[in-house]
Amino acid sequence: MPYTADPKFADFIQRLPKTETHLHIEGACPFSLLQKLDPVKYASPPPFWADDFRYESFNQFMDMYVEYCAEFYNSAKRYQEAAEIVLKKCVDQGCRYVETSFHLPALLYMEDKGPDVIEAIRSAAPESLELRIFAGMCHNDYVDAGKELIEDSLTWEGLDGIDLHGWEDIPVEPWTADVWERARKAGKFAKAHAGEFMGSDFVELILDQLKVTRIQHGVRSTENQATVQRLIDDNIALDVCPISNVKLAVNGIPSMDKHPIRQLFDQGVTVTINSDDPFFFGNSLSEEYYALNQDLNFTQAELVQIAMNGFKVALISEDQRAAYLKEVSGYSEAEGVPR
Ligand SMILES: [Zn+2]
């Protein structure tokens, strides 16, 4: 890392219509905005951009988040400034559809309200981009003002969905299943992080309790074949972030060539690839495609399939889905990619 590709392959990936369905807006914080605010503090590139950098733990990752980005996101305006750069970068890489999440409890520390932040992010989206906005919350956020905020969020019209994130090893509390159920009733799409820092049992617990159809990461499902089979049988999709998994030293992933996305894909699990927190991993969506090609021998045809999976799981009308899928297959055919 970082990954580069020969110009022909890079051009192929660039023009392949793609999606990004696992992108934390705070974790995508544009460094240029931080530098503008404090040129002295942010004079040199962050240490985690070094080629061989790997986080020692999720706690270290969260410490970096606090050190670099937490203070930045203190108003709807800041979210808009960041989203403008982040979403333009998505479009510049050939993204047609993006799902981004913001950290819901961040609202507890700002004057602007949830709908203001959602509107700010939405207003930053280039016209050609389909954008869906999610509110992310941790396992232990349903307390005091956080509880009110979570309840309130279910009424926000502009909010497309909710996501469970943060530390996986904090117990999943009883409120969660109830909130996820009521979110669905309120027309929100509900997904959850699992199977990144906890194993396949946790993926099963999340499927049992939250009844989600999309898992963020889920890569440790391969620790138990029965869990993988469940993902296939119940048509559960995984929004995978391969470079993130390597940089965060996820259990069982010592290097990209050992990443379980190869096994998951080969066995027929619906997987998408995404950049997660590109500021903290120094990655881009294109590099995720290069990584799969270079270290896991994904062919062009297989990468086309991965791009198609993104549109298959996207929260769009069936007409839109058919149009996107036709566009991808038309592109693939025109490029002479064998089926
Ligand atoms: Zn994530």
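Predicted model: local features only at pLDDT ≥ 70, side-chain atom pairs only at ≥ 80, totals over all residues.

Tutor: Helix α15 covers residues 318-334, which is 17 residues. From its first C-alpha to its last, α15 reaches 24 Å, close to the 24 Å expected at 1.5 Å a residue. Just after α15 comes Gly 336, whose phi is positive, at about 75°.

The partner to consider is helix α14, residues 300-313, which packs against α15 at an angle of about 170°. The axes of α14 and α15 are 9 Å apart. Angles over 145 degrees count as roughly antiparallel, and α14 and α15 are therefore roughly antiparallel to each other. On the α14 side, the residues that meet α15 are Val 304, Ala 307, Met 308 and Phe 311. They face Arg 321, Tyr 324, Leu 325, Val 328 and Ser 332 in α15. An α-helix has 3.6 residues a turn, so residues three or four places apart point the same way.

These helices belong to a protein with 15 helices and eight strands. For its 339 residues, a compact globule would have a radius of gyration near 20 Å, and the protein's 19 Å agrees with this. Buried residues account for 44% of the 339. The largest nonpolar core contains 88 residues, and Tyr 79, Ile 121 and Ile 206 have the most contacts inside it. Beyond its neighbours within four places in sequence, Ile 206 is in contact with Ala 192, Ala 194, Val 212 and Ile 215. In soluble globular proteins, nonpolar side chains tend to be buried together.

Conventions
Residues numbered from 1 in each chain as written. Helix = DSSP H or I, 4+ residues; strand = E, 2+ residues; numbered from the N terminus. Rg over C-alpha atoms; globule rule 2.2 N^0.38 Å. Buried ≥ 20, exposed ≤ 12 C-beta atoms within 10 Å, placed from the backbone. Core = buried A, V, L, I, M, F, W, Y, C linked by C-beta atoms within 7 Å. Contact = placed C-beta atoms within 7 Å. Expected span 1.5 Å × (residues − 1). Axes fitted to C-alpha atoms, helices over the stretch in contact; angles between N-to-C directions. Parallel < 35°, antiparallel > 145°, perpendicular 65-115°, else oblique.
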